[in-house]
Amino acid sequence: MKIGFIGLGIMGKPMARNLMKAGYKLIVFDIKRGPVEELAAEGALAAVSAADVAERCSIIITMLPNSPHVKEAVTGKGGILESAAPGTIIVDMSSISPIAAKEVHDACKAAGVKMIDAPVSGGEPKAVDGTLSIMAGGEKEVFDEVRDILLKMGSSAVLCGGIGAGNTTKLANQVIVALNIAAMSEALMLGVKAGVDPEVIYSAIRGGLAGSTVLDAKAPMVVKGNFKPGFRIDLHIKDLQNAIDTGHAVGAPLPLSAYAMEMMQTLKADGYGQEDHSAIARYYEKITGTAISK
Ligand code: NAD
């Protein structure tokens, strides 16, 4: 079976490779030629536009930065809807606003094209391993048609509700992760200022109620002052902005997310937007003039 794949960045490229390993023939497109040529050298068929992808296959995955990129690739000039046959399925795996996912879905529906949103959690290592957590939204029959394909890229794929529910779930994930990192940074700075080694705090509490996947992934980075990404502050700002916009639209205030957003905006203004989101710890280092790392 031929599958179209649009968006071959940090996440899309390894996800596309896992589909190829599973035996699917891929037709790939990215606005950058480099990754298209790289995958073509590994056996994929290169396309020259999203419309070209849509002309050549009936299932298309998109893995793009944010809502405007998805709108452009689907509804824009040279986009999927220019040439997609009725019945084509679009699986948008990008993390975008649930409101935008619904808008794109409505444009697809008017053209007889089916769409689900299916953003992922797990980052580049899990994209490479094929063990992403996939959270989808859309009609169950469409989800069931692509579930086996999703499970070549992830270890779980859960249908969370109607269109947009995947991205709402992803935003919930991103709120929890941002606030966890901020809480951890605040707590480790409390330890440092009170004279207790942050590494000792981490090893003493990680098995208790405060222990979490976030703590285990990020505390060692903060303690070492290693903020190599991983997941960049700039991308997390994008997700928090989508969470805050969605919260405002549905009547769910997000005061803690708004605070975490301003911490990240401070770091971005200081030139740390390309660092890992564990660099939220730098915000506390800035306001106390004290380093957490030794
Ligand atoms: P990326 O910036 O590395 O890749 C995006 C790719 O899309 C780029 O290669 C870009 O050239 C291409 N692109 C942009 N507009 C396009 C268009 N109109 N047509 C075709 N190609 C286009 O981003 P990424 O890190 O791979 O993230 C992709 C999505 O996955 C984002 O929504 C991100 O939030 C989400 N995500 C990322 C991570 C992570 O750790 N990086 C983890 C989970 C989810």
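Biologist: Leaving aside neighbours within four places in sequence, with which residues is Met15 in contact?

Modeller: Contact means heavy atoms within 4.5 Å. By that rule, Met15 touches Phe5, Met63, Met93, Val120, Ala127, Leu132 and Met153. This is a predicted model, in which local features need pLDDT of at least 70 and side-chain atom pairs count only at pLDDT 80 or more, while totals for chains, interfaces and linings use all residues. Residues are numbered from 1 along each chain as its sequence is written, and side-chain values use heavy atoms, with hydrogens and water left out.

Biologist: How many residues has the largest nonpolar core?

Modeller: Such a core is a set of buried (under 20% relative accessible area, 1.4 Å probe, protein chains only) Ala, Val, Leu, Ile, Met, Phe, Trp, Tyr and Cys residues joined through side-chain atoms within 4.5 Å. Here the largest has 34 residues, and Phe5, Met15, Leu26 and Met93 have the most contacts inside it. Helix H7 (a DSSP run of H or I, at least four residues) provides the largest share, five residues. A second, separate core of 32 residues includes Leu171 and Ile201.

Biologist: Which residues are closest to the ligand?

Modeller: A residue counts as near when one of its heavy atoms lies within 4 Å. Of the 24 residues surrounding the ligand, the closest are Ile10, Met11, Asp30, Pro65 and Lys238. A polar side-chain atom of Asp30 lies 2.7 Å from a ligand oxygen, and a polar backbone atom of Ile10 is 2.9 Å from an oxygen of the ligand.

Definitions and conventions:
Buried means under 20% relative accessible area, exposed over 50%, partly exposed in between (1.4 Å probe, protein chains only). Helices (H or I, at least four residues) and strands (E, at least two) are DSSP runs, numbered from the N terminus. A polar contact is a pair of N or O atoms within 3.5 Å; within protein, one must be able to donate a hydrogen and the other to accept it, and residues adjacent in sequence count only if both atoms are side-chain atoms.
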